[in-house]
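Subject: Handover of a structure and notes on it

Dear colleague,

Please find the structure below, followed by an account of what was found in it. I would be grateful if you would read the notes with the structure open beside them.

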Amino acid sequence: MPIIVNLDVMMAKRKMSLNELSEKVDLTLANLSILKTGKAKAVRFSTLEAICKVLNCQPGDILEFVE
Amino acid sequence: MLQAASFWDVDNFYQIRMYFYCLSINIYLYLLCHLKHLIMKSRTNLVLKILYILSWIIFVGVCIEAGGSIFSAFYFLYVGDKHARTFWVGNDLSSLYTYGRVHFFAETLLISIASVMKACIFYLIIKNLDPKKISMSQPFSKEVGRLIFNISYLSLFIGFISLWGVKYKEWLVEQGVKMPEIQYLRLGGADVWLFMGVILFVLAQIFKRGIEIQTENELTV
């Protein structure tokens, strides 16, 4: 898929673990790992909003388009 | 003797009979309540189990038929003309055998292929309907989708083979060969098989789209 999820990069920058993020964003670990590994087919705006709020970043920092 | 006579006298016998009546009514009510509860609780599972048992019975029957067709085809090709009149379930194919061994082989091959395909359908059904394998919590799985697709392909294949067999038989009759009826040759209902195949194919396409939507829904974060 040409859309790459850079969630792990942002998490490393903010020095945040997956467990911590899942607690703060209120998502299950399974769903977050689906997102992190790039298996996700779609992301809700509400999820994206929560992640951006917790990681203090823009959606463009998490998602990237590669040809 | 006296004791026995007193035990079986009218009053005692009436009491014993009443006990039996009460006991049987109690058992009946107990079973009714619990069976009703069981049926209400897992009607789908019960239906699936019954279908599974039925599929096994049909599978065994169809396998015997397929095996019989193949065996008799090869046996009579080897043995010869006079035995061909007892082909499988008493069909008289001696006229066809006399007309030409190649035609005999072709017709019996079509019958055998149709029988084997029917056995394949039921094999797929019993393989996938296994109560230990099938999960009712997630029935819209890829395996079930593939099963419907495979059954539809097999049905279409049986339909075409049967149609071909029927046309071939008609041609042979036109040539003056005495042939048994189509239903005795197990080639009847070609149109039904084709209809079933097409319907199942359409259903399988819809099912496939449903599975895709479900997967997409599951992978939406």
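The accessible surface of chain B is about 14800 Å², and carbon and sulfur atoms account for 69% of it. Accessible areas were computed by the Shrake-Rupley method with a 1.4 Å probe, and for residues only the protein chains shown count as cover. This is a predicted model, in which local features need pLDDT of at least 70 and side-chain atom pairs count only at pLDDT 80 or more, while totals for chains, interfaces and linings use all residues. Residues are numbered from 1 along each chain as its sequence is written, chains are lettered from A and ligands numbered from 1 in the order in which they are written, and side-chain values use heavy atoms, with hydrogens and water left out.

Chain B

Chain B contains seven helices and zero strands. Both kinds of element are DSSP runs, numbered from the N terminus: helices are H or I with at least four residues, and strands are E with at least two. Of its 221 residues, 34% are buried. Here buried means under 20% relative accessible area, exposed means over 50%, and partly exposed lies in between (1.4 Å probe, protein chains only). A contact requires heavy atoms within 4.5 Å. Among the contacts in chain B between residues at least 6 apart in sequence, 71% join residues at least 24 apart.

A nonpolar patch on the surface of chain B is formed by B:L46, B:V47, B:I50, B:L51, B:I53, B:L54, B:I57 and B:I58, which together have about 690 Å² of accessible area. Patches are made of residues with over 30% relative accessible area and no salt bridge; like charges are joined within 9 Å, and nonpolar side chains (Val, Leu, Ile, Met, Phe, Trp, Tyr) within 5 Å. One member, B:I53, belongs to helix 3 (residues 43-79) and counts as exposed because its relative accessibility is 52%.

B:H103 is located in helix 5 (residues 101-128) of chain B and is partly exposed, at 21% relative accessibility. Neighbours within four places in sequence aside, B:H103 is in contact with B:L96, B:Y168, B:W171 and B:L172. B:Y168 is 65 residues from B:H103 along the chain, and their C-alpha atoms are separated by 9.2 Å.

The interface of chains A and B

How much area do chain A and chain B bury between them? The value is about 720 Å², with 65% of it on carbon and sulfur atoms. Buried area is the accessible area (1.4 Å probe) that two parts lose on being put together, summed over both. In chain A, the residues A:K41, A:A42 and A:R44 lose the most area to chain B, together 56% of what that side buries. Eleven residues of chain A are in contact with four residues of chain B.

Between the two chains there are four residue pairs in polar contact, with both residues at pLDDT 80 or more. A polar contact is a pair of N or O atoms within 3.5 Å; within protein, one must be able to donate a hydrogen and the other to accept it, and residues adjacent in sequence count only if both atoms are side-chain atoms. The interface has zero salt bridges, a salt bridge being a side-chain nitrogen of Lys or Arg within 4 Å of a carboxyl oxygen of Asp or Glu.

B:T220 lies in the segment after helix 7 (190-218) of chain B. Leaving aside neighbours within four places in sequence, B:T220 touches A:A42 and A:R44. B:T220 counts as buried because its relative accessibility is 17%. A polar atom of the B:T220 side chain lies 2.7 Å from the backbone oxygen of B:E216.

Salt bridges within the chains

Over all chains, the count is two salt bridges. A:K24 and A:E20 are joined by one of 3.2 Å, N to O; these residues are four apart in helix 2 of chain A, so about one helical turn separates them. B:R209 and B:E212 form another, with the closest N and O atoms 2.9 Å apart; they are three residues apart in helix 7 of chain B, again about one helical turn.

Backbone of chain A

Most residues other than glycine have a negative phi. A:K15 has a positive phi, near 55 degrees, and lies in the loop between helix 1 (7-13) and helix 2 (18-25) of chain A. A:D26, in the loop between helix 2 and helix 3, has a positive phi of about 65 degrees.

Yours sincerely
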